[in-house]
Amino acid sequence: MIVGAFIARKLSFTPSSILLEDYYQCIPSSQVTSTSVTSAATSEISTIVAVATATSSSSTTALPLYAQCGGQDWSTSTTCVSGASCVYQNDYYSQCLPVTASSTSVSSVSVSSSSLKPASSTATSIAAVTSSTSTSIAIVTSSTISSSSTATSLSVAISTSSAAAAASSSASSSSSLSFRGGVNTAGYDFSVYTDGSFSGTGTTPPPSQYAHFANQGANVFRIPFAWQLMTPTVGGTIDSTFFAEYDATVQAALASGDDVYVILDLHNYARWNGAVVGQGGPTNAEFASLWSQLAAKYADNERIIFGLMNEPHDLSSLSDWADSVQAAVTAIRAAGATSQYMLLPGSSYSSAGTLPTEAGPYLLDVTDPSGGTDKLLFDVHKYLDSDGSGTSTECVTDNVDILTTLVTWLQTNNRQAFLSETGGGNTASCESYLKSELAYVKSNSGYIVGFTAWAAGAFDTTYALTITPNSDGSDQPIWTDAILPNLP
């Protein structure tokens with residue numbers, strides 16, 4: 001066995017059973033507490049646990065922080081540098097993530113060997129490490145342990161851990177929203193400019209895309225729209241013709257899966273024709289009127305998420321912007337949509353990097369008339385190109401440093417965020433960096449509860465950041481290599 005590392009699966013303990021899920025993790029050997037497994041247990045365990053076969057004298061290169069360390073067809077090292085653990089994300093990808101664990105044994109659980117198949121006499125060392133909501137068990141072969149045990153039960157030492165939630169896939173927040181992963185399907189937002197002006201007619205995203213992506217595991221779709229299409233006059237009533245078209249798209253997305261959510265995204269940059277909401281442009285009441293009308297139409301559907309505004313920027317007053325957001329939240333609840341999630345947008349184009357220091361402290365004061373804050377998620381964006389604009393097909397970062405700072409801030413305030421825009425070109429750099437970024441998001445799904453990649457829908461396959469399927473039904477490399485492995 002490689003010194004200081006092992007490969008394991010995740011366990012959930014109940015009083016009478018142990019439930020296993022795939023999980024791979026590198027943990028320092030100093031944290032491992034060992035005991036013996038009966039010969040009767042060994043064969044069955046070996047069929048469900050990946051066991052490292054290297055001996056302690058083997059030399060293995062430690063992988064750097066945030067590097068891939070496992071997955072389908074992975075044949076190189078699974079050992080991470082000191083202070084990191086190889087955390088299983090899915091069948092395709094495991095990643096070295098930070099660990100600051102300090103373990104102390106607190107309890108044990110026994111598994112009767114009567115449910116395990118007989119096996120040849122082989123000793124196996126076991127250990128378990130827990131985070132706040134889950135337990136991991138490691139099963140490690142060892143040539144130094146006696147194989148003569150004939151006991152009829154298997155004791156598993158469980159250890160508490162103070163590992164940072166940045167290395168955990170669960171969180172202490174009270175939100176019940178399970179991890180979401182999916183796609184932006186653009187079209188109704190085409191020709192909305194960053195000053196909030198609009199000169200187009202909108203384009204309907206192909207309805208067939210929803211089933212295409214949902215059948216591969218996507219469980220959320222973000223459908224942007226221009227404010228001017230939904231209400232042709234600011235503060236006016238919803239245009240029934242456009243709403244019928246938009247709603248048909250929403251219903252197609254919802255119908256693609258029983259657990260699929262849809263984000264209604266107002267894509268106007270906190271503006272109407274150049275003027276900022278609540279700051280010389282549309283009044284808070286006019287902004288709230290749009291959301292009141294939409295909320296009334298979807299009040300009975302809990303799988304709708306209200307994306308209050310896409311990418312506010314250059315706001316003269318962050319406190320005034322928080323007041324505008326509060327007005328929309330209050331209007332949505334007053335319209336009868338009392339249980340849906342909402343995405344609260346910050347500043348600097350909803351930047352994940354600036355939320356903790358710019359709009360975030362003000363948005364923390366936004367309240368939910370339905371009670372609590374668990375349905376109020378912060379809306380963040382982050383692209384991976386050199387200027388963070390999402391306009392280049394080459395990527396230079398996986399944003400893990402920025403997202404780590406965001407997660408720390410969310411932990412401090414017991415809040416959650418949703419990464420509603422990220423993406424990259426169909427290039428090797430973007431495929432690698434985006435895969436790493438989304439793996440980090442997924443491993444911190446208790447605080448960043450989901451993502452929607454940009455973009456498919458009415459974009460054709462020549463668009464720089466396209467994830468629109470090809471005409472033959474095949475997918476773009478960025479989808480296959482980076483996004484698909486990190487879906488729920």
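Modeller: Strands are here DSSP runs of type E with at least two residues, numbered from the N terminus. The model is a predicted one. With that convention, Asn-273 falls in the loop that joins strand E13 (271-272) to strand E14 (275-276). Its phi is near 50°, which is a positive value in a residue other than glycine. The relative accessible area of Asn-273 is 48%, so this residue is classed as partly exposed, because that class lies between the limits of 20% and 50%.

Ser-350 belongs to the loop between strand E16 (341-345) and helix H7 (360-363). For Ser-350, too, phi is positive in a residue other than glycine, with a value near 60°. Its relative accessibility is 1%, and Ser-350 therefore counts as buried.

Leu-344, within the span given for E16 (341-345), is among the residues with the most contacts inside the largest nonpolar core, together with Tyr-246, Leu-264, Trp-291 and Phe-306. That core has 89 residues. Leaving aside residues up to four places away in sequence, Leu-344 touches Leu-308, Val-325, Val-329, Leu-363, Val-366, Leu-376, Leu-377, Phe-378, Asp-379 and Arg-415. A second, separate core of 10 residues includes Tyr-341 and Leu-343, as well as Val-220 and Ile-305. In soluble globular proteins, nonpolar side chains tend to be buried together.

One further backbone feature deserves mention. The peptide bond from Trp-454 to Ala-455 is cis, and its omega is near -5°. Ala-455 is placed in strand E19 (residues 448-457).

Two helices show how elements pack elsewhere in the chain. The crossing of H8 past H9 is right-handed. From H8, Val-400, Leu-403, Thr-404 and Val-407 meet Ser-436, Glu-437, Tyr-440 and Val-441 of H9.

As for the whole, the protein chain contains 10 helices and 19 strands. Of its 488 residues, 54% count as buried. Among contacts with a separation of 6 or more, 75% join residues 24 or more positions apart. The accessible surface comes to about 18,400 Å², and carbon and sulfur atoms account for 50% of it.

Terms used:
Residues are numbered from 1 along each chain as its sequence is written. This is a predicted model: local features need pLDDT of at least 70, side-chain atom pairs count only at pLDDT 80 or more; totals for chains, interfaces and linings use all residues. Side-chain values use heavy atoms; hydrogens and water are left out. A nonpolar core is a set of buried Ala, Val, Leu, Ile, Met, Phe, Trp, Tyr and Cys residues joined through side-chain atoms within 4.5 Å. Buried means under 20% relative accessible area, exposed over 50%, partly exposed in between (1.4 Å probe, protein chains only). Contact means heavy atoms within 4.5 Å. Helices (H or I, at least four residues) and strands (E, at least two) are DSSP runs, numbered from the N terminus. Accessible areas come from the Shrake-Rupley method with a 1.4 Å probe; for residues, only the protein chains shown count as cover. A crossing is left-handed if the near helix is turned anticlockwise from the far one by less than a right angle, and right-handed if clockwise.
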